[in-house]
Amino acid sequence: MLSSERSILTDIEIISRLVDGSIVITPLIAAEQIGSTSVDLRLGPEFNILRRAYYGHLDFSHEKGEIQQEVRRYSERIQVKALEPFIIHPGEFALGATLEFISVPNDLTAYLEGRSTWGRLGLQVHSTASFVDPGFQGNLVFELQNVGKVPIELYAGLRVAQISFNRSSGSVQTYGAGQNQHYKGQLGPEGSRFYLDKDFERINLKLREKQQLKT
Amino acid sequence: MTDCGSEKKVSESITFNLTLPEFLIAEVFDGIARLDCYLDEVELAVHPRSGVPLRLFRDTLGTVLFASLEEPLRLTRQSTVSKTPLGASEFQALVNQVGSTFIGIAGVHRFLKYLRVPEPPHEIFTLLREIQQAFPDAGIKDNETDVLLSETFNYGEIDLHTAIEWQLQQAKILKSVPGKETIVIILPYTQVNNPLMWTIISHEIGHFVEKYHSLGKKVLGKILACPPGNVTEGTELDWVEELISDAVAIRLLGPAYLFSFASITILQSSLGRPSRTHPSELLRVRVAFNELKRTCLTASVPIATALTTKLVDLFEEKFKFNEKYLGDKYMGPSAVHARPTDDVVALITQELDDLKIGKLSNDSLIRSEALARALAKGQPVSALRKERIDLQSKVESLRQSLSGSTVSQAEIMKTFFEIRDCMIEKPSTCAEIINAGYIHRYQNVLPQILNGLAGPAVNDYVPEHKKTINQVDRLLKVSLQATEIHKLFL
């Protein structure tokens with residue numbers, strides 16, 4: 001027996017899954033991206049930054065459709081060309097995405113982690129969301145932040161992160177099959193879709209009721 | 001380096017079996033929905049114009065353009081249910097209505113400039129660079145071609161240098177403008193996110209090529225049996241130049257060019273009438289198809305071949321109708337039209353072969369067919385791994401070696417690296433991506449429209465189809481972005 005039920009996938013197991021198509025990581029540019037228990041991921045050419053000059057805050061008491069539009073207007077999509085830098089300044093936050101499209105099968109979970117090489121310069125690739133559900137498909141979004149003291153030049157194609165896979169067979173609710181599938185099939189650095197959460201809808205409703213009472 | 005084997009052969013059924021009326025409806029419905037998608041983008045701009053004009057456009061789409069398809073759809077449904085083809089008058093009514101709606105789209109398009117002026121996206125230039133790389137000639141390779149989006153619902157190219165020079169000469173203030181040809185290719189606003197229609201760039205570049213090498217005069221000279229120097233400017237030369245540009249486009253992008261040409265032309269009410277500047281659409285389709293068969297359509301690309309053949313059949317069917325009921329004559333009177341298509345193509349091919357323009361290969365189309373399957377699964381198609389049938393068994397045998405002790409560590413490492421190297425994917429070319437996009441469109445998207453329109457009202461299916469348009473556009477654009485980055489590491 002090579003591995004226990006819940007262990008992390010090894011290189012040959014990852015390759016086996018790539019061959020049978022149950023894991024998809026495309027484009028896979030260099031063989032060296034496949035490490036002993038992870039696959040390095042590259043930075044894609046699109047970024048989302050906040051347009052702070054236009055909006056003070058998102059008003060959660062607005063109608064759902066209106067909030068959806070505000071969220072999209074709140075952020076600006078920037079696309080860099082090949083060999084053109086995206087400069088992230090100290091303290092700045094931006095969304096990026098993997099160059100690779102990832103598909104995780106229903107019997108695995110995945111974890112996204114930064115690479116030490118970039119962490120040492122102060123680059124964080126995620127703040128909260130490192131966990132990838134079974135059944136997820138799409139580009140993974142980086143919550144990029146420069147916590148260092150100097151600006152960092154980023155280029156599309158740089159290997160800034162890595163993904164590892166764990167067995168998780170037996171879960172009933174896979175990503176996309178249940179209600180929680182806001183980001184299924186996402187391409188590029190899609191902004192937050194918090195307004196699709198059932199809980200948020202409830203809060204939104206209560207806020208609107210409260211506002212109506214006031215008026 | 002381990003040989004990663006040859007790519008897996010695609011064996012898949014062809015699902016594009018729309019009738020001509022269905023195809024016309026699907027195309028025009030898609031055109032209106034794309035206009036609607038463009039309005040969505042305008043609405044999401046940071047500072048959208050006043051909601052009043054936007055609402056006007058929205059209402060026009062809903063109550064006029066989409067609604068105009070109700071009657072053609074009713075006729076088509078009736079024909080499907082009764083399993084009898086449309087009668088001549090019904091078909092004429094359908095063609096007229098669809099043609100009018102198409103003119104309506106172009107008419108509304110003209111006024112989009114009052115909402116917003118879009119910038120051409122980066123990915124257009126990725127395609128443009130790839131096209132320019134196909135030419136060995138430095139004059140074309142290094143030409144600083146630009147792309148501009150226009151409110152005119154048309155595709156074209158202009159040499160700004162010549163145009164400005166001509167204007168200044170008219171004003172009698174200057175005889176020559178410094179510099180050289182500056183080609184600007186013009187696409188309609190609503191195709192800003194649609195890589196499938198960017199294919200037309202290849203035809204416009206074709207114009208530059210034929211002018212640069214005076215191919216039009218050489219080919220027409222052979223048709224008229226006179227030296228190129230004796231060929232005069234005029235309609236016949238214009239026609240030959242169009243045919244040459246089509247042939248260049250086919251060499252560069254293969255079936256994708258024919259598909260995009262079909263989208264633009266098949267909705268017109270007549271296909272057999274040449275204009276002063278352009279030969280008849282039918283001749284153009286015949287020449288393009290002939291050139292395709294000479295270059296990349298073979299038995300190894302059954303899907304691309306079947307789809308292209310079916311498309312040409314639809315053109316021929318529409319022309320037969322035009323000929324019978326509208327009195328269209330095949331192509332009109334001219335030496336170009338009188339000559340058998342094969343001969344015209346042979347003359348063009350001969351000239352193009354001499355130029356050694358990079359051709360879309362049969363292998364590329366094989367890849368496109370495989371990529372189209374990935375697109376159908378919602379995956380981008382910037383790269384493709386070569387399928388190797390024995391790879392899974394090699395992996396299994398390596399896993400067994402790891403748990404045993406009979407194979408040396410060095411041997412295990414060697415086998416592992418061989419297998420790992422096979423994981424590398426080869427970047428797709430823009431041409432492969434776009435051809436995959438068309439295969440997906442014809443196999444899945446267009447038939448899906450007809451299924452979607454089976455409901456009571458045309459407007460009901462609009463939101464669903466807009467989702468499809470946005471998803472396919474995005475998949476193709478993301479693929480073009482990734483392939484450009486990928487190529488940096490080769």
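This is a predicted model: local features need pLDDT of at least 70, side-chain atom pairs count only at pLDDT 80 or more; totals for chains, interfaces and linings use all residues.

Colleague: Where in chain B is confidence lowest, and where is it highest?
Modeller: Going by mean pLDDT (the predictor's confidence in each residue, from 0 to 100), confidence in chain B is lowest in helix α6 (residues 138-141), at 71, and highest in α20(B), at 97. Helices here are DSSP runs of H or I with at least four residues, strands are E runs of at least two, and both are numbered from the N terminus.

Colleague: And chain B as a whole?
Modeller: Its mean pLDDT is 89, with 94% of its residues at 70 or more. Over residues 1-11 of chain B the pLDDT is below 50, and that stretch has 20 contacts in the model beyond near neighbours in sequence. A contact means that two residues have their C-beta atoms, placed from the backbone, within 7 Å.

Colleague: What ipTM and pTM does the predictor give the complex?
Modeller: An ipTM of 0.91 and a pTM of 0.93.

Colleague: OK, how many residues of chain B are in contact with chain A?
Modeller: 33 residues of chain B, and they meet 32 residues of chain A. On chain B's side, two or more residues come from each of α17 (391-403), α18 (409-421), β5 (425-427) and α20 (462-487).

Colleague: Which of those gives the most?
Modeller: α20(B), with 8 residues. Chain B's side of this contact divides into 19 nonpolar, 8 polar and 6 charged residues. For those classes, Ala, Val, Leu, Ile, Met, Phe, Trp, Tyr, Cys and Pro count as nonpolar, Asp, Glu, Lys and Arg as charged, and the others, Gly among them, as polar.

Colleague: Switching topic: what domains is chain B divided into?
Modeller: Domain 1 (20-114) and domain 2 (364-487), with bounds from an automatic or database domain assignment. Their C-alpha centres lie 33 Å apart. The contact between them takes 14 residues from domain 1 of chain B and 11 from domain 2.

Colleague: Which elements of domain 1 touch domain 2?
Modeller: α1 (20-43), α2 (51-66) and α3 (70-82) of chain B each supply at least two residues. α1(B) gives the most to that side, with 8 residues. Domain 1's side divides into 8 nonpolar, 1 polar and 5 charged.

Colleague: Last one: how confident is chain A?
Modeller: Its mean pLDDT is 89, and 96% of its residues reach 70 or more. Confidence in chain A is lowest in helix α2 (residues 64-74), at a mean of 81, and highest in strand β2 (residues 39-42), at 98.

Terms used:
Residues are numbered from 1 along each chain as its sequence is written. Chains are lettered from A and ligands numbered from 1 in the order in which they are written.
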